[in-house]
Amino acid sequence: MKQIGPIKIIEGPNYSKVPYSRSLFIDGAEKVLIDTGADPSTLSNLEQKHSMNLIINTHYHPDHTCHNYLFPNTEKWINPIEFETVSSIESVAKENGIFQEWGKEGVDQWKKTIPDEWITSLLSINGTYEYDKQYNFGDVNMILLHTPGHTKGFACPYFPDLGVVYTGDYDMTAFGPWYNGTDGDIEDFVRSGQRLLNLDADVYITGHQKGVFTKTEFKSAMSDYLAIIDQRDDIISKHVQSGMDFEKLSSIGIFYPKKTLEHTLLRTWERSGIRKHLERLGYIVKGTEIKSYVRTK
Ligand SMILES: [Zn+2]
């Protein structure tokens with residue numbers, strides 16, 4: 001287990017790849033856990049040994065909240081923007097693009113596939129934190145930075161005295177930035193990425209895969225990572241200019257590998273992600289047709 005001062009990094013299975021993530025355990029005078037996507041048996045052991053005082057959820061996505069249910073008696077906070085979202089599965093379906101792409105029927109289908117534990121995990125969240133306020137957990141100071149883009153309410157826990165930040169889903173993976181829910185936003189994503197680079201921090205901990213970056217490494221990784229947004233723009237615009245319609249464009253695999261698009265949820269996010277690029281490129285989707293909304297003649 002890696003440790004930076006009182007912060008212990010708790011890994012998820014398989015290098016904390018989705019559907020898991022990395023959790024942070026603040027082992028100070030107060031015991032605080034950030035996100036619960038790490039290995040469930042490790043989390044249970046921690047709880048037995050230390051008994052958490054508080055759980056902080058950076059955002060509502062299942063790969064970061066899935067094991068909240070292992071802490072039935074612990075207070076659980078989420079950001080103020082997403083507190084309402086976690087109060088019902090329908091709201092999650094709306095923020096995730098499921099309602100936008102498939103309507104009520106799609107939402108009903110999706111609901112049948114969700115594990116009960118995750119529903120319990122979401123509904124057990126019972127409080128909110130404030131953005132940009134300094135919290136003191138005994139001997140550890142922490143600020144929850146509002147870093148929207150991945151989701152509207154996404155927060156990055158920052159430890160100013162330690163020069164450490166948990167960047168969560170600003171994860172620097174080869175997949176690239178994920179802003180594919182209806183509550184995701186490309187411009188916000190880029191702005192939040194810049195904000196993270198401007199922090200007075202030397203240690204950047206991501207939520208998935210590689211994990212710990214120095215500032216220099218994170219800066220260089222961020223530049224490649226954000227460049228993927230422009231590459232997606234280029235591919236999409238080339239196809240639209242060649243006359244491709246929306247159904248075809250969303251079946252060739254811009255975000256996800258083509259063969260995985262048979263999974264409804266991935267197809268949902270492929271479609272909603274492409275819509276965001278189309279909008280920023282000046283196009284609008286009408287039925288299956290893609291039209292320019294900037295008059296060219
Ligand atoms: Zn997420």
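This is a predicted model: local features need pLDDT of at least 70, side-chain atom pairs count only at pLDDT 80 or more; totals for chains, interfaces and linings use all residues.
Student: Into which domains is the protein chain divided?
Tutor: Domain bounds come from an automatic or database domain assignment. Here, domain 1 spans 3-222 and domain 2 spans 235-292. Their C-alpha centres lie 28 Å apart.

Student: How many residues of domain 1 are in contact with domain 2?
Tutor: Two residues are in contact if their C-beta atoms, placed from the backbone, lie within 7 Å. By that criterion, 10 residues of domain 1 meet eight residues of domain 2. Helix α5 (residues 98-111) supplies the largest share of the domain 1 side, four residues. Helices (H or I, at least four residues) and strands (E, at least two) are DSSP runs, numbered from the N terminus.

Student: What does the UniProt annotation cover?
Tutor: UniProt positions are given in the numbering used here, feature names are shortened, and annotations may be inferred rather than shown by experiment. The unreviewed entry carries "domain: Metallo-beta-lactamase" over residues 20-208. That stretch is 30% helix and 23% strand, with its end C-alpha atoms 8 Å apart.

Student: What is the order of the strands in the open sheet?
Tutor: Two strands pair if DSSP finds at least two bridges between them. The six strands follow the order β8-β9-β10-β11-β12-β13, with mixed pairing. The edge strands, β8 (134-137) and β13 (212-214), each pair on one side only. From one strand to the next, the twist averages 25 degrees. Within the sheet, β11 (residues 164-168) and β12 (residues 203-206) run parallel and are joined by four bridges; V164 stands opposite V203 in β12.

Student: Which helix packs on the sheet?
Tutor: Axes are lines fitted to C-alpha atoms, for helices over the stretch in contact, and angles run from 0 to 180 degrees between N-to-C directions. Helix α8 (residues 215-241) touches β12 and β13, and its direction makes about 100 degrees with that of β13.

Student: At what angle do α8 and α10 pack?
Tutor: Helix α10 (residues 264-280) packs with α8 at about 85 degrees, their axes being 10 Å apart. The two helices are therefore roughly perpendicular, a term for angles of 65 to 115 degrees. R232, D233 and I236 of α8 make the contact with I274, H277 and L278 of α10.

Key
Residues are numbered from 1 along each chain as its sequence is written. Angles under 35 degrees count as roughly parallel, over 145 as roughly antiparallel, 65 to 115 as roughly perpendicular and the rest as oblique.
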